[in-house]
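Dear colleague,

Please find the structure below, together with its sequence.

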Amino acid sequence: MLKQISFFLILGLLGLSSCTSGDGNAEASWLIVEEEIPEVETAYGIPIDSYTIHQGEIRNNQFLADVLLKYHISYPEIDKLVKAAKGVFDARRIVPGDQYTVLSKRDSTGKAAYFIYEPNALEYIVFDLRDSVRVYREEREVTEVEKWAEGEISSSLYESFQSIGVSPVLAMKLSDLYAWSIDFYRIQKGDHFRVMYTERQVEGEAIGIGDVKACLFTHSGEKFYAFEHSIDSISDYYDENGNSLRKAFLKAPLQFSRISSGFSRKRFHPVQKRWKAHLGTDYAAPKGTPILAVGDGKVIAAAFGKYNGRYVKIRHNSTYTTQYLHMSGFAKGVKNGTYVRQGDVIGYVGSTGLATGPHVCFRFWKNGAQVDHRREKLPPSKPIPAEHMEAYMAAIELTRKQLEPKKKPMLASN
């Protein structure tokens, strides 16, 4: 209920018809009265008191006209509506399963006054069908709620998050966060994580995962901390000692896959059927899986070879070079001389050249010699500056204690 102050001009006070002044003339007095008046109910920012509400879901092979004709909107009106929507929403591309609401008049016509289409949980498109047709897009207010999740690895990181009822999107975020320090193809049963993150909500319903705020990932008995921290409005992740989690290179060129063959000085070749060195690491993944540049650098080759198939080779600096073999194709714009950033897609998994199945053979050079990248101690990025270190350590003190594992793994919670 809303309070509204009303002003009444009354003559007299406490039952008197008038109030006289010293000269005998009647005076008017003001009395301020607070009244309770009903709050106007709204939906989608529209007062709905005078409308009948109809809600539904777009069905397969259903078009906008199929919905609106039922509510007495004619074909010429629908055509006018579609034209008015240009630049805001393509009314021809409504998707089965999406929700919609029709507000119709409470009269003998029952004609629709508004059609509201919801392409996702955050946005909605309002089609105002009254006298002057108008179409506009609105967004609901998003709130971010702090959450915690904790669990133990039983198979993959993705499946571990599913098993505790947390969106696997969080697994992807942790994979990106720890890409420079943990090889997620080598995590093992018994590894443990505890993470603080934000969940994006609209009207109390979860619509996605926000940022990871802090995490402790225990891998092979070693603790890996991550704390989000901002310096001069630039946010990054650091460990418990203030070192950046970002290294010069990612641990692997694919986000999720499995190692099908490791670096070896002597391996039985599955195609040539003989023993020979395999100076790279094979990551098996479905054809078309994006291949990522593990670091910033210049493409010095994007070519095809009889044995290597389609491949890309990147020089990162005077010390390090990487190569990616057996691609099904190159990413758009990737060619000799292209400069790429860490995490850029440079191609897609395939089986071109001498390969038995779809995979990428990842090769890593250090000072001109091929080495096993998984055994390399990769150089770190810049740590917390000395002048900010005291403030950083104070900021993470409480969170670090909260990250210590509980006696029992817990589900996501506030």
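This is a predicted model: local features need pLDDT of at least 70, side-chain atom pairs count only at pLDDT 80 or more; totals for chains, interfaces and linings use all residues.

Residues are numbered from 1 along each chain as its sequence is written, and side-chain values use heavy atoms, with hydrogens and water left out.

Salt bridges

The structure holds 15 salt bridges, a salt bridge being a side-chain nitrogen of Lys or Arg within 4 Å of a carboxyl oxygen of Asp or Glu. One of them pairs Arg140 with Glu203, with 3.7 Å between the closest N and O atoms. This pair connects distant parts of the chain, 63 residues apart: Arg140 sits in the loop between strands S11 (134-139) and S12 (143-152), and Glu203 in the loop between strands S13 (192-202) and S14 (205-219). Helices (H or I, at least four residues) and strands (E, at least two) are DSSP runs, numbered from the N terminus.

Are the two partners buried or exposed? Arg140 counts as buried because its relative accessibility is 14%, whereas Glu203 is exposed at 70%. For these terms, buried means under 20% relative accessible area, exposed over 50%, and partly exposed in between (1.4 Å probe, protein chains only).

A second salt bridge joins the side chains of Lys213 and Glu228, at 2.5 Å from N to O. Lys213 belongs to strand S14 and Glu228 to strand S15 (residues 222-231), and the two are 15 residues apart. Lys213 counts as partly exposed, at 29% relative accessibility, and Glu228 also counts as partly exposed, at 22%.

Asp236 lies in strand S16 (234-238), while Arg246 is in the loop between S16 and strand S17 (258-261), 10 residues apart from its partner. Arg246 is partly exposed, with a relative accessible area of 34%, and Asp236 is buried, with 15%. Finally, salt bridges that share partners join Glu118, Arg140 and Glu203 into one network.

Helix H5

Helix H5 (residues 386-403) has 18 residues and reaches 25 Å from its first C-alpha to its last, close to the expected 26 Å; the expected span is 1.5 Å times one less than the number of residues. The helix bends by about 40° at Glu397, the bend being the angle between axes fitted to the seven residues ending there and the seven starting there. Which residues of H5 are buried? They are Tyr392, Ile396, Thr399 and Leu403. These buried residues pack against S12, S13, S14, S15 and S16, where contact means heavy atoms within 4.5 Å.

Hairpins

Strands S14 and S15 run antiparallel and are joined by 6 bridges; two strands pair if DSSP finds at least two bridges between them. Thr218 has Lys223 in S15 as its bridge partner. The hairpin of S14 and S15 has 2 residues between the strands, and Ser220 takes a positive phi near 55° there.

Strands S15 and S16 also run antiparallel, with 5 bridges joining them. Ser230 has Ser235 in S16 as its bridge partner. These two strands form a hairpin with 2 residues between them, and Asp232 in the turn has a positive phi of about 55°.

With kind regards
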